[in-house]
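Morning, everyone. Please have a look at the screen.

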Amino acid sequence: HGAQQAPVDRTVMKAFEDALRATGSEAQDVAWTHVIELAPNNSAAWSNRGALRLQNMRHVLRLKPVPPMQAYLCAWHS
C-alpha cells in the first residue's frame, strides 16, 4: 500500500494554474513564489521557479558579458 496523498487545496490549484499562465519573468516569479508560500512542500512549484530563475540568469549573462568567476559569485550572492 502506498502512502496516502492529502487532497490538493483549491487555492493552491488556482495559484498553480495562474503561475502556469503568467507572462513575463517577474510575474512568473511572483506567481511561483505565491504557490510556494501556499504549499511549501510542492516540489513542482520549487522546480518551476528555480528553472525560471536559472533561465533568467542565463539570459542576463548572455546580454551582459561577465567574467566567469564574477558570474559564479553573482549567482551565489543573489
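I'll go from the overall layout to one helix pair, then the core, then a few residues.

First, some ground rules. This is a predicted model, where local features need pLDDT of at least 70, side-chain atom pairs count only at pLDDT 80 or more, and totals for chains, interfaces and linings use all residues. Residues are numbered from 1 along each chain as its sequence is written, and side-chain values use heavy atoms, with hydrogens and water left out.

So, the layout. The chain has four helices and zero strands. Helices here are DSSP runs of H or I with at least four residues, strands are E runs of at least two, and both are numbered from the N terminus. Along the sequence the pattern reads α-α-α-α. Of the 78 residues, 22% are buried. Buried means under 20% relative accessible area, exposed means over 50%, and partly exposed is in between, using a 1.4 Å probe and protein chains only.

Now the helix pair. Two packed helices are described by the angle and the distance between their axes. Take α1, residues 10–21, and α2, residues 25–38: their axes come within 8 Å and cross at roughly 160°. Those axes are lines fitted to C-alpha atoms over the stretch in contact, and angles run from 0 to 180 degrees between N-to-C directions. So α1 and α2 are roughly antiparallel, a label for angles over 145 degrees.

Who makes the contact? On α1, Thr11, Val12, Ala15, Phe16, Ala19 and Leu20; on α2, Ala31, Trp32, His34, Val35 and Leu38. Contact means heavy atoms within 4.5 Å.

Next, the core. The largest nonpolar core has 10 residues, including Phe16, Trp32, Ala45 and Leu52. Such a core is a set of buried Ala, Val, Leu, Ile, Met, Phe, Trp, Tyr and Cys residues joined through side-chain atoms within 4.5 Å. Two or more residues each come from α1, α2 and α3, which spans 43–63. The most come from α2, with four.

Trp32 deserves a stop. Leaving aside neighbours within four places in sequence, Trp32 touches Phe16, Ala19, Leu20, Ala45, Asn48, Arg49 and Leu52.

Is Asp29 buried or exposed? Asp29 is buried, because its relative accessibility is 17%. Beyond neighbours within four places, Asp29 contacts Arg49, Leu52 and Arg53. Glu26 also sits in α2. Glu26 counts as exposed, because its relative accessibility is 67%.

Methods. Parallel < 35°, antiparallel > 145°, perpendicular 65-115°, else oblique.
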